[in-house]
Amino acid sequence: MRLILALFSASAALLAADREVSFSRDVRPIFEKTCWTCHGPSVQLSQLSLVTREAALKGGAHGPALVPGSSEKSKLYRLAAGLEKPAMPIGGKLSAAEVETLKLWIEQGAKWEGVAPVISAAPTVVADPPIRPEERAYWAFQLPKKAALPLEKTNPIDAFVQNTLAAKGRKQTPRTDRTTLVRRAYLDLVGLPPSPAETAEFVNDQSPSAWPKLIDKLLASPQYGERWGRHWLDLARYADSNGFEHDFDRPNAWRYRDYVIRAFNEDKPYDTFLREQLAGDEIAKVTNDSLIATGFLRSYAKVGYREKDNPEFRFEYLDDMIATVGKGLLGLTVQCARCHDHKFDPIRQADYYRLQSALWSAVEVDHPLVPKKQAAEYKRQMAEVNGKIADLKLKIRELDLPYRTKLLPAKYAKYPANVQEAIAIPGEQRTPGQKLLADQVIRAVGVSDAEIARVISDSDKTKKQALQAEITSLEKTKPAPLPMAMGVTDGDYRFTPDGPGDEPAPGKGKGGYAGEGSYVHEGAGRYQAPPSWFQLRGDVNSQGPETKPGFVKVATNGNPPTELAPSTPHTSGRRLALAEWLVSRDNPLTARVAVNRIWYNHFGRGIVSSIDNFGKMGELPTHPELLDYLAAEFVDKGWSTKQMHRLIMASETYQMASDGTSDGLLAAFPQQRLDAEALRDSILAVSGGLNRKMEGPPVFPVLPKDILQSMTNGIWKQKDDSSDVWRRSVYIYRKRGLPMPLLEVFDLPNQNLTCGARNITTVPTQALALMNNDFVLNQANLFAQRLAESAPNDKAKQIDLAYQIALSRLPQAEERGISLAFLNEHTLNDFAHVMLNLNEFLYVR
């Protein structure tokens, strides 16, 4: 039988080889279906055109596509056959017969009869196939429903968890002791260990209401918002600097951080929380807080300082917004559909560009947090002063110009001849390549004031000094800065004025200027969002048809509006419509993702362990009915996060003892290492040095000199290691280009991207940091001083107190004996340092 099959296959191959392949009949249909989308007359990715034989022979950025007579040497065949990466076409695959046709055509000399393809400059319709029933049937795209409780339990969580365990023949561990439980609750809800008095208060209260009262007390604590707000800031990729090469300071970013802390402390309903962050300038009641909240969309890492400086990166910022909304709020990797339909989930490329269109009109703006009249007067005064200063600076530039012109040629002379030639050609006459070369060098090379000062004439020097003196005087007349919030509003990124004298783009009417320089509509008449376009293969230079706002189709039920009437005529209402779609009861994902994240932050693992991926490449829920029950309960109880805490913490599941296991089935409470901020904050709390001041501009803890010297851009306002910088870690300046070393070693997340779940590592550098870090050593000394002052000359009491403060319990007899022996040979400072290095101090049990 095998011999017959082999002979048949060989015969088929010989017959195929004998077949004469026609370009028009056999190859062109393949090109029309796939290749010409990216390498046709309107688009030539990688500078490769497959429109004519000559163009294919010439090739593109990676060399010739065709070697007639040799398919093995032809990139066209090798990429189509998957012999080289990336396999072509991107996002699809040729059939074996089509690959064989290309091979035979090339082997037969790649004859190319017929005419060049006729394709419109851009397709008018983008493939957007309907969602198939089997795609929508996936669990995450079904609306959550409350199932009947499988067991008679007071708490529904216990009913679902214990039912799952029973099916596997397992039981939960007993309830943990009260000292462990009170420490767990404090570290979980406020991120700080309880004081000995707080521990004793709960342990000694034997009433049935003791546990609910403790939960309510901690939820009412202002430290709750600092702890749980920090979790959200991971998702929001919050930072106080831009990142990338220049890492510019964001002086008003901290207002968004404080907004988040306040929102959690107020138990702001989650649906309101999302509306404010996506459309706080469009909602019915716009407040300072809702304007500050729009900083969520603007918290992306950014190249340069102003949006106008690098307009080509706007698409990357939009991609970041889509990734953050997708992963953070929907649990979907929508950003993977930028270049083609999602490989694994029913997310169409059209879905990506619908979301991009919904966010397209958002531009960067600094919102003044004062009444409109005051803001308008401030703007008028600033425009008047800046106009005068601009005139004076123009005069200085005119004075400097002859000297700058004289000095620049010598600076350009060190560059290659082609660069010098590009610079010498007038800008409008440069080729794209020459423009790129010239612009890079012209931006990088300048003439400093010091260089001009060495060659300027005495008379011009006197004139320049007089002009500079006028500028200095005018600067002093500027009004005091207004409190500003870094956020977004609707505008037109295409218009980027250079100064207060610029006029709006033609046809735009009266307008204002966003803080970063984009046009913001302020005139009469309703704002019209600028058009957005589909990008073929995700290439920003390959414009497809115009797109309209919309949502992810597979997560959409019914026909929700894509634009809503905003509270102001100056915006489109598209972001408001996006927010309403997200928090609709008809959205199957938002509530599920939210409660799963709450669960993860309590137990160290989500019911869906892939926190920001509910798609097919993510993990399945360990307790699907429980997840749906919690999601439905979350919405039914008004999207209250604090109510969800109460429900979770009241369960027997939360109050179990730990046994060292963590398999997601919750037979025991999973032990969790403190995250970086909670560890640093706990050290400060135990030492007695914690500064509990809330909100306000960030602080700059002491950094080693060698690390500071490595910083080339941005700011770090180094101060003494004192109580001024011993505030909670949520207030530390988040510098993207220079993460706080102690926090980084304990798995501080990448501050450039949205983070669903932090990495948890156990590496030697963590132990070394706790043993040798100057901050830890100083706090250990403060802890020792606290012990000495509380129990002078009494080692036994000092040991007891150290255990009560650091571990919320008294030492066992063996521990007390070991500690006394240690203190007989070492200092109290050393003993305090050891306490901060204990595993029990680092872990929630």
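This section describes the overall build of the chain and its aromatic contacts.

The model is predicted. The chain contains 34 helices and 8 strands. Its C-alpha trace spans about 100 × 95 × 60 Å along the principal axes. Of the 845 residues, 52% count as buried. Among contacts with a separation of 6 or more, 70% join residues 24 or more positions apart. The accessible surface comes to about 38,800 Å², and carbon and sulfur atoms contribute 55% of that area. Charged side chains number 105 positive and 101 negative. The centres of these two sets lie 1 Å apart.

A search of the whole structure finds 38 aromatic pairs. In one of them, the rings of Trp 139 and Phe 614 have centres 5.6 Å apart. Their planes meet at 35°, so the pair is tilted. Trp 139 lies in the loop between α6 (133-136) and α7 (156-167). Phe 614 lies in the loop between α23 (590-603) and α24 (624-636). The pair thus links distant parts of the chain, 475 residues apart. Both Trp 139 and Phe 614 are buried.

Phe 634 and Trp 639 form an edge-to-face pair, because their planes stand at 65° with ring centres 5.5 Å apart. Phe 634 is buried at 1% relative accessible area. Trp 639 is also buried, at 7%.

The charged end of Arg 184 is placed over the ring of Phe 669, 3.6 Å from its centre. Arg 314 lies over the face of Trp 360, at 5.3 Å from the ring centre.

Notes:
Residues are numbered from 1 along each chain as its sequence is written. This is a predicted model: local features need pLDDT of at least 70, side-chain atom pairs count only at pLDDT 80 or more; totals for chains, interfaces and linings use all residues. Side-chain values use heavy atoms; hydrogens and water are left out. Helices (H or I, at least four residues) and strands (E, at least two) are DSSP runs, numbered from the N terminus. Buried means under 20% relative accessible area, exposed over 50%, partly exposed in between (1.4 Å probe, protein chains only). Contact means heavy atoms within 4.5 Å. Accessible areas come from the Shrake-Rupley method with a 1.4 Å probe; for residues, only the protein chains shown count as cover. Lys and Arg count as positive and Asp and Glu as negative; His and the chain ends are not counted. The place of a charge is taken as NZ of Lys, CZ of Arg, CG of Asp or CD of Glu. Rings of Phe, Tyr and Trp (its six-membered ring) pair if their centres lie within 6.5 Å; planes under 30 degrees apart count as stacked, over 60 as edge-to-face and the rest as tilted. A charge sits over a ring if NZ of Lys or CZ of Arg is within 6 Å of the ring centre and within 35 degrees of the ring normal.
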